[in-house]
Amino acid sequence: MELRQLEYFVAVAEERHFTRAAQRMVVSQSGLSASVRALERELGAPLFTRTTRSVELTGAGRALLTEATRTLAAARAAGDAVAAVQGLLRGSLAVGTEQCVNVDVGALLARFRAEHGNVEVRLRQAGSAVMAQDVADGRLDLAFITLPGPPPEGVRLLPLTSEPMVLLCHPGHRLAGEPYAEWGELADETFVDWHEDWGARRLTDRAFAASGTPRRIGVEVYDVHTLIDMVRHGLGIAVVPQPISRKPEASALAVIPLKGQEDRPWEVSVALPAADRHSPAARTLLSYLGL
């Protein structure tokens with residue numbers, strides 16, 4: 001079994017398409033397909049279910065994907081470690097971030113790229129729960145996330161900042177202008193919220209569950225600006241981290257503090273592999289944050 005075979009396999013698994021995987025790996029489709037078939041023969045099991053329209057992982061394929069991802073990450077880390085001993089910084093740096101974390105990720109990556117041009121920098125944006133698992137599986141070197149509760153096995157969190165959650169609503173809403181709102185008085189409201197992979201959504205769900213207050217989510221979105229726009233049109237109210245309420249797009253909306261929210265702040269952390277097994281490139285990026 002060769003690393004190149006695992007790289008081709010992971011590309012097909014992630015792209016769910018042989019042609020796109022071949023384009024990503026800059027190799028002919030026939031060569032990539034032959035490599036995957038050779039890997040299947042060596043393992044004695046089909047890794048993909050192929051149809052004219054889709055490519056899906058088999059049970060064996062799903063089992064291999066986790067280990068293949070970790071193996072490739074370990075191989076990259078080994079090469080990076082040798083380079084670091086020689087005083088070089090090379091290889092790649094894969095960073096994840098949830099939207100609107102109050103860390104200037106763009107400035108961090110721009111500084112890193114200016115100082116370490118030999119390192120390929122990749123950025124992925126997704127929900128915090130997904131990215132925490134990506135760190136655990138070796139698909140990301142680190143991620144800036146908001147994750148209430150414990151992280152997945154193999155991941156540790158370094159806290160960075162903490163902010164309260166607030167209620168965001170249309171200026172004509174009944175609660176606009178109130179000094180604060182309580183969870184219990186929100187039971188009959190319709191909410192705009194993010195997908196459940198987002199850290200802020202999980203934090204809000206926990207707060208409502210702890211207060212014993214049911215709630216109805218009428219609009220589920222995948223980005224901050226759509227959430228603000230939906231609230232602006234009166235399609236629901238939203239519980240958001242305070243930095244989002246300070247965005248220019250939200251300036252016309254009412255912002256109401258939530259009573260008791262001090263016990264459940266919105267915390268931004270950097271997610272790292274456990275046991276200090278992060279790469280030299282990741283350590284360098286963290287040094288910009290004083291970590």
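This is a predicted model: local features need pLDDT of at least 70, side-chain atom pairs count only at pLDDT 80 or more; totals for chains, interfaces and linings use all residues.
Close-up 1. Strand E7 (residues 165-169) runs antiparallel to E11, and 4 bridges join them; strands here are DSSP runs (E) of at least two residues, numbered from the N terminus, and a pair needs at least two DSSP bridges. Zoom out and you get an open, antiparallel sheet of 3 strands in the order E10-E7-E11. Its edge strands, pairing on one side only, are E10 (238-241) and E11 (254-257).

Close-up 2. Glu163 sits in strand E6 (residues 155-163). Why is Glu163 called buried? Because its relative accessibility is 17%, and buried means under 20% (1.4 Å probe, protein chains only). Leaving out residues up to four places away in sequence, Glu163 touches Asn102, Gln242, Pro243, Arg246, Pro265 and Trp266, where touching means heavy atoms within 4.5 Å.

**Close-up 3. The largest pocket.** This one has a volume of about 720 Å³, taken as the space filled by probe spheres set on the grid points. Of its 22 lining residues, Glu14, Arg24, Arg76, Arg122 and Arg139 are the closest to the centre. A pocket is an open set of points on a 1 Å grid where a 1.4 Å probe fits, with protein on both sides within 12 Å along at least five of seven lines; lining residues have an atom within 4 Å of a point. H1 gives the largest share of the lining, 5 residues.

**Notes.** Residues are numbered from 1 along each chain as its sequence is written. Local features need pLDDT of at least 70 and side-chain atom pairs 80 or more, while totals for chains, interfaces and linings use all residues, and side-chain values use heavy atoms, without hydrogens or water.

Key
Buried means under 20% relative accessible area, exposed over 50%, partly exposed in between (1.4 Å probe, protein chains only).
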